[in-house]
Amino acid sequence: MNVSFGSDSCLEPITSNAFLGMYYAEARGDAALCGECFPPRGEGIDRISNLRAYTINGAKQLGLEQETGSIQNGKSADFVILDRDIMRCSLDELKDIHPEETYFCGRRTACGI
């Protein structure tokens, strides 16, 4: 089963910030949340599953996995350059990640995420 997440909502900070959304998905039940999230820690998802939920899984659900969702030859060059390594930063740092550059179809966009 593929799970996908989105970050194009302006309704609340958690849904409009993919990195904050990833933090909560991974930190479920963590003591650091001080009661903000109640499910047990074991219900959280690991970092790579989190990243896939925001990238390739969404592309698969839309039938676009041959065009986008991962970095491969022949796919649309849609990606961000982040201020830290998303796979190596601590859980606490995850929620504070900021994009430094954003690219769509291989072209740098005028604004970040």
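These are my notebook entries on one protein chain and what I looked up in it.

**Entry 1: ground rules.** I am working with a predicted model, in which local features need pLDDT of at least 70 and side-chain atom pairs count only at pLDDT 80 or more, while totals for chains, interfaces and linings use all residues. Residues are numbered from 1 along each chain as its sequence is written, and side-chain values use heavy atoms, with hydrogens and water left out.

**Entry 2: the whole chain.** I looked up the elements and found 5 helices and 3 strands in the protein chain, where helices (H or I, at least four residues) and strands (E, at least two) are DSSP runs numbered from the N terminus. Read from the N terminus on, their order is α-α-α-α-β-α-β-β. I then noted an accessible surface of about 7500 Å² for the protein chain, 54% of which belongs to carbon and sulfur atoms; such areas come from the Shrake-Rupley method with a 1.4 Å probe, and for residues only the protein chains shown count as cover. Of the 113 residues, 25% count as buried, where buried means under 20% relative accessible area, exposed over 50%, and partly exposed in between (1.4 Å probe, protein chains only).

**Entry 3: helix H2.** How many residues of helix H2 are buried? I found that 10 of the 10 residues of H2 (residues 18–27) are buried, so this helix is largely enclosed by the rest of the structure. Among them are Phe19, Met22, Tyr23, Tyr24 and Glu26. At the N-terminal end of H2 I noted Asn17 as a cap, with a side-chain oxygen 2.9 Å from the backbone nitrogen of Phe19.

**Entry 4: salt bridges.** Side chains of opposite charge can pair when their charged atoms come close. I counted such pairs as salt bridges when a side-chain nitrogen of Lys or Arg lies within 4 Å of a carboxyl oxygen of Asp or Glu, and the structure holds 5 of these salt bridges.

One of them joins Arg84 to Asp83, with the closest N and O atoms 3.1 Å apart; Arg84 is partly exposed at 26% relative accessibility, and Asp83 is partly exposed at 30%. Another joins Lys95 and Asp92 at 2.4 Å, N to O; here Lys95 is partly exposed with a relative accessible area of 24%, and Asp92 is partly exposed at 46%.

Is Arg108 buried or exposed? I found Arg108 exposed, with a relative accessible area of 55%, whereas Glu101 is partly exposed at 23%. The side chains of Arg108 and Glu101 meet in a salt bridge of 3.9 Å, N to O.

How values were computed: A polar contact is a pair of N or O atoms within 3.5 Å; within protein, one must be able to donate a hydrogen and the other to accept it, and residues adjacent in sequence count only if both atoms are side-chain atoms.
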